[in-house]
Amino acid sequence: GRRHTAVQQMARRSICSSARRQVENKVPQKQKMFQEDNGMPIHLKGGSSDALLYRATMVLTVLGVGFTLYELVKASFPQKKD
């Protein structure tokens, strides 16, 4: 019983410390990248994946607004059924 918990604590401690070490290394680089004054908007500073997400969001938004307007116009002029 007692030995088992000691092994668990050691395993947990090594997992936590190694994860913390990796995060600490990346944060200053990310801060430098996002704080760099290069005239680029913050939502695109993450690179090509950010640009792709942004374009996809814009396309879906424009299509959604267009479809909504189309449906509203279609609904405001009901067709007479003979």
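A polar contact is a pair of N or O atoms within 3.5 Å; within protein, one must be able to donate a hydrogen and the other to accept it, and residues adjacent in sequence count only if both atoms are side-chain atoms. The side chain of Lys45 reaches the backbone oxygen of Glu36 at 2.5 Å.

## Basis of the model

The model is predicted: local features need pLDDT of at least 70, side-chain atom pairs count only at pLDDT 80 or more, and totals for chains, interfaces and linings use all residues. Residues are numbered from 1 along each chain as its sequence is written, and side-chain values use heavy atoms, with hydrogens and water left out.

## Overall make-up

The chain has two helices and zero strands, taken as DSSP runs (helices H or I, at least four residues; strands E, at least two) and numbered from the N terminus. Of the 82 residues, 2% are buried, where buried means under 20% relative accessible area, exposed over 50%, and partly exposed in between (1.4 Å probe, protein chains only).

Areas come from the Shrake-Rupley method with a 1.4 Å probe; for residues, only the protein chains shown count as cover.

## The loop between α1 and α2

Lys45 is found in the loop between α1 and α2. Lys45 is buried yet has no salt bridge, and the nearest side chain of opposite charge, Asp37, is 6.0 Å away. Here Lys and Arg count as positive and Asp and Glu as negative; His and the chain ends are not counted.

Leu44 belongs to that loop as well and, at 22% relative accessibility, counts as partly exposed. The C-alpha atoms of Leu44 and Tyr54 are separated by 7.7 Å, with the two residues ten apart along the chain.

Because they are three residues apart in helix α2 (residues 48-76), about one helical turn separates them. Glu71 is partly exposed at 29% relative accessibility, and Lys74 is partly exposed at 45%.

An unreviewed UniProt entry lists residues 52-73 as "transmembrane region"; such annotations may be inferred rather than shown by experiment, with positions given in the numbering used here and feature names shortened. This span is 100% helix and 0% strand, and its end C-alpha atoms lie 32 Å apart.

## A nonpolar surface patch

Met33, Phe34 and Ile42 make a nonpolar surface patch of about 250 Å². Met33 lies in helix α1 (residues 2-35) and is partly exposed, with a relative accessible area of 31%.

Conventions: Patch = residues over 30% accessible without salt bridge, like charges linked within 9 Å, V, L, I, M, F, W, Y side chains within 5 Å. Salt bridge = Lys/Arg side-chain N within 4 Å of Asp/Glu carboxyl O.
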